[in-house]
Amino acid sequence: MTPSVTSKSLRFSFSIAPSHSNPYPKIPLPHPNFHQFPQPLLLLKPISAIQSKLLVPDAGAIVVDRVTESELKENGFRSTRRTKIVCTIGPQTCGFDELEALAVGGMNVARINMCHGTREWHRQVIEHVRRLNEEKGFGVAVMMDTEGSEINMGDLGGATSAKAEDGEIWTFTVRALGLDCPDRTITVNYDGFAEDVRVGDELLVDGGMVRFVVTEKIGPDVICCCTDPGMLLPRANLTFWRDGSLVRERNAMLPTISSKDWLDIDFGIAEGVDFIAVSFVKSAEVIKHLKSYIAARSLKNYIAVIAKLENIDSLSNLEEIILASDGAMVARGDMGAQIPLEQVPSVQENIVQLCKQLNKPVIVASQLLESMVEYPIPTRAEVADVSEAVGQQADALMLSGESAMGHYPEKALAVLRSVSLRIERWLREKRHSTLEVQTVSSSVHIGIQEEMCNAAVKMANKLEADALFVYTKTGHMASLLSRNRPDCPVFAFTPNSSVRRCLNLQWGLIPFCLSFSDEMESNLRRSFPLLKARGMINSGDLIIVVSDQLRSIQVINVS
Ligand SMILES: Nc1ncnc2c1ncn2[C@@H]1O[C@H](COP(=O)(O)OP(=O)(O)O)[C@@H](O)[C@H]1O
Ligand SMILES: C=C(OP(=O)(O)O)C(=O)O
Ligand SMILES: [K+]
Ligand SMILES: [Mg+2]
């Protein structure tokens, strides 16, 4: 093996090995437990060994989404976006054409929020997304977000909004009023509300967008005076504060998953969603319960469970909750209504770092580009906020109102895309991406996978490889590579289309569907000509291939 320096990087070239000899130089084993495995840990494979076994390519046998494919071809590996994008779908974007525009714009996951709309409406959105994937070659995953049972207002008797003026008297009531809602009356979903609240308490709508003070209580009615005027939106979140602290009375005992949420979850399982995001998670138990509920009912599809961290009680159990989940969301909207706003940035940073250490994907959500609900460009401060999340190397960013009901959903998506690309490149230039990962594995087997992935990423960064390839049935090896936030993208090949869609949420992963034979070597050999035939890899590309089954790291120079 002779290292040779090309203009781009340090490359290895190999002499052709006779087929009967062992072409793999043995590398000293790094751990005493490794000797029990028959294969060498590191296989430095001659290019010719790959070339000589090229199969006839059948480009249709490998599936990747159309947007990534054209991005790869046009901009090359290094320029693909690593940060993933989740778009909330609402009235502005629920049509087939609007969804297609978001898919073309790089939406990786479409989120439906069960707080709003009917199940029929959501079913239609899911059907559109599936049809786009099947007919037009996209790879968009679907996330269902539960309503949860914190306190919120009713739906304003059908009105789209209502204006509360300074000094006006409004009634918040737990009576069921339906459409006969008198003027300046708001229904509240939580029966205990009128008893828990006290005269003098402050009532905050959406964390303070509108503020009231309680002046009187009359049975089920709470009479309030508006102190900060503003727009009331249907189903807005309500919190109440006493002496500057959030009041957690019996509302803290409300179930994280309500009976309505369970029906929505059954709906999500029946519709085959890819992710279920659980609102207002307080402890790990509810996540464990939901995961076993799903495992017993969704036999064909894997559904990942995302814990939404937005409840004050979750903050004391973060590690347990994240470990029990398949991913987490920093849900800054409601979190900012439960803790002082100035604490939200440090909580975000802590959660993102913790998720990386625990190898769970993390989404940063809410108000990233809030002004773009109304305006075609973001504020400078919003761009700085997006940059911060990209700089923290969160797996994904999320649009809420910007894509659900804003005037410029595609423009907002384009801003997330361009800011991500720019900041990612800048980070690579600064060589900022050297996260020292700690060990997360609990068994020797998982420990081996983890060390292999850490080592493969180090190699890939040092050798300035063009891509890492990983062959994975469950996606675990792929996420261990992503966790290291490598300089190059990770092509993750999996035979399972539902695993492929779930990998859509993870930083730097480009998920491919490839049918696997039992012989991993042949899967590996097949993928190279297939990708080359599609123009997704080129002669001279340096690829680091990681396989759990072969227990190997191979360095391949594409011929
Ligand atoms: N399915 C839907 N039907 C109608 N409006 C929706 C829907 N989904 C979202 N929206 C609108 O988009 C806004 C932002 O979405 P999101 O952040 O998910 O909800 P929320 O504001 O309740 O936290 C919502 O307040 C609502 O006005
Ligand atoms: C993402 C959030 O949840 P939702 O939009 O469902 O309130 C949030 O509160 O930030
Ligand atoms: K929700
Ligand atoms: Mg929320």
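**Figure 1. Strands β9 and β13 of the predicted model pair in the antiparallel sense.** In this predicted model, strand β9 (residues 169–173) is joined to strand β13 (residues 221–228) by 5 bridges. Within this pair, Thr-171 has Ile-223 of β13 as its bridge partner.

**Figure 2. An open sheet of 7 strands contains β9 and β13.** The strand order is β10-β9-β13-β12-β11-β15-β16, and the pairing is mixed. The edge positions are taken by β10 (185–187) and β16 (245–246); each has a single partner strand, so one side of each is left without a neighbour in the sheet. Strands of a sheet pair through backbone hydrogen bonds, in either the parallel or the antiparallel sense.

**Figure 3. Strand β11 pairs with both β12 and β15.** Strand β11 (residues 202–205) directs Glu-202 and Leu-204 one way and Leu-203 and Val-205 the other way, and all of these residues are buried. With strand β12 (residues 210–218), β11 forms 4 bridges in the antiparallel sense. Two bridge partners in β12 may be traced in this view: Val-213 for Glu-202, and Phe-212 for Leu-203. Strands β11 and β12 form a hairpin with 4 residues between them, and Asp-206 in the turn has a positive phi of about 50 degrees. The pairing of β11 with strand β15 (residues 238–242) is likewise antiparallel and comprises 4 bridges. In β15, Thr-239 stands opposite Leu-204.

**Figure 4. Ligand 1 is surrounded by 15 residues.** The closest of them are Gly-90, His-116, Gly-117, Ser-400 and Ala-404. By class, the shell around ligand 1 consists of 6 nonpolar, 8 polar and 1 charged residues. For residues 81–412, the unreviewed UniProt entry lists "domain: Pyruvate kinase barrel". The chain over residues 81–412 is 32% helix and 24% strand, with its end C-alpha atoms 16 Å apart.

**Figure 5. Glu-464 and Arg-485 each have a positive phi.** Glu-464 is not a glycine, yet its phi is positive, at about 50 degrees. Glu-464 is placed in the loop between α14 (444–462) and β22 (467–471). It has 14 C-beta neighbours inside 10 Å and therefore counts as partly exposed. Arg-485, also not a glycine, has a positive phi of about 45 degrees. Its place is in the loop between α15 (476–483) and β23 (490–494). Arg-485 is buried because 22 other C-beta atoms lie within 10 Å, the threshold for burial being 20 or more.

**Figure 6. Helix α17 spans residues 520–533.** Its 14 residues reach 21 Å from the first C-alpha to the last, close to the 20 Å expected at 1.5 Å a residue. The buried residues of α17 are Leu-524, Arg-526, Ser-527, Phe-528, Pro-529, Leu-530 and Leu-531. Just after α17, Gly-535 has a positive phi of about 75 degrees. The unreviewed UniProt entry annotates residues 450–548 as "domain: Pyruvate kinase C-terminal". This span is 42% helix and 22% strand, and its end C-alpha atoms lie 10 Å apart.

**Figure 7. The protein chain as a whole provides the context for the close-up views.** The chain has 17 helices and 26 strands. Of its 559 residues, 43% count as buried. Among contacts between residues at least 6 apart in sequence, 68% join residues at least 24 apart.

Definitions and conventions:
Residues numbered from 1 in each chain as written. Chains lettered and ligands numbered in written order. Predicted model: local features only at pLDDT ≥ 70, side-chain atom pairs only at ≥ 80, totals over all residues. Pairing = 2+ DSSP bridges. Near = placed C-beta within 6 Å. Nonpolar A, V, L, I, M, F, W, Y, C, P; charged D, E, K, R; others polar. UniProt positions renumbered as here; feature names shortened; annotations may be inferred. Expected span 1.5 Å × (residues − 1). Buried ≥ 20, exposed ≤ 12 C-beta atoms within 10 Å, placed from the backbone. Contact = placed C-beta atoms within 7 Å.
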